[in-house]
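Good morning, and thank you for the time.

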Amino acid sequence: MASTKMYGGSGAPVTDQSLGELMATVSRDLSELLHKEVELAKTELATAAKRAGAGAGLLGGAGVLGYFALVLFSFAAAFAVAEGGGVPLWAGFLCIGGLYGGLAGALGALGVLNLMRLRPPTRSIHSVKTDLAWAKRPTTVPPRVDLEELRASHQ
């Protein structure tokens, strides 16, 4: 015969307990389960946050060192252009600066084109509006969104 003893209850057989006692046991168990789930989520998120922080710090260090490398290689390239091309030193720096300016312009144009292609999340907006309308007058069943179709449309 089943009892609630192993779950922290009074130990009386389930058939001998009142509905109130069973509901109290269910309520207590559900509360404990939710607390443990929240604690587990906090622990997992804290661990993930520490790893993310360490990763971000390493990426920041790599970016700073990469910037220094770019500056040094740029100087080396400017000196090489001046020496190898038989042009004054200022012309070598001008060539490398022009190359970087052209690359920056091309990347900027591509970035602007990508930003101009952005569209608002129309399905999400429609879904929220539908939910709000339903919440104001909950007389009908709200329409269900097919998640597979939504995922396919955003790939």
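One definition is needed at the outset: a residue is called buried under 20% relative accessible area, exposed over 50%, and partly exposed in between, with a 1.4 Å probe and protein chains only as cover. This is a predicted model, in which local features need pLDDT of at least 70, side-chain atom pairs count only at pLDDT 80 or more, and totals for chains, interfaces and linings use all residues. Residues are numbered from 1 along each chain as its sequence is written, and side-chain values use heavy atoms, with hydrogens and water left out.

Let me begin with the whole chain. Helices (H or I, at least four residues) and strands (E, at least two) are DSSP runs numbered from the N terminus. There are four helices and zero strands, in the order α-α-α-α from the N terminus on. Of the 155 residues, 6% count as buried. The chain exposes about 12,900 Å², an area from the Shrake-Rupley method with a 1.4 Å probe, and carbon and sulfur atoms supply 69% of that area. Contact means heavy atoms within 4.5 Å; among contacts between residues at least 6 apart in sequence, 11% join residues at least 24 apart.

I turn to the helices H1 and H2. The expected span of a helix is 1.5 Å times one less than its number of residues. H2, with 28 residues, reaches 41 Å from its first C-alpha to its last, close to the expected 40 Å. After H1 comes Gly-86, with a positive phi near 65°.

Which residues of H1 are buried? They are Thr-25, Ser-74, Ala-78 and Ala-82, and their cover includes H2. In H2, Ala-91, Gly-92 and Ile-96 are buried, and the cover there includes H1.

Next, the aromatic rings. A pair of aromatic rings is described by the distance of the centres and the angle of the planes. Rings of Phe, Tyr and Trp (its six-membered ring) pair if their centres lie within 6.5 Å; planes under 30 degrees apart count as stacked, over 60 as edge-to-face and the rest as tilted. By this rule there are three aromatic pairs. Tyr-67 and Phe-68 have ring centres 6.3 Å apart and planes at 50°, so this pair is tilted. Tyr-67 counts as exposed, at 52% relative accessibility. For Phe-75 and Phe-93 the centres are 5.2 Å apart and the planes at 75°, so that pair is edge-to-face. Phe-75 lies in H1 (residues 19-85) and Phe-93 in H2 (residues 89-116), so the pair ties together parts that are 18 residues apart in sequence. Phe-75 is partly exposed at 42%, and Phe-93 is partly exposed at 31%. Ring pairs link Phe-75, Phe-79 and Phe-93 into a cluster.

Finally, the surface. One nonpolar patch has about 820 Å² of accessible area together, and its members include Val-64, Tyr-67, Phe-68 and Leu-99. H1 gives the most to this patch, with five residues, while H1 and H2 each supply at least two. Leu-99 has its place in H2.

Key: Patch = residues over 30% accessible without salt bridge, like charges linked within 9 Å, V, L, I, M, F, W, Y side chains within 5 Å. Salt bridge = Lys/Arg side-chain N within 4 Å of Asp/Glu carboxyl O.
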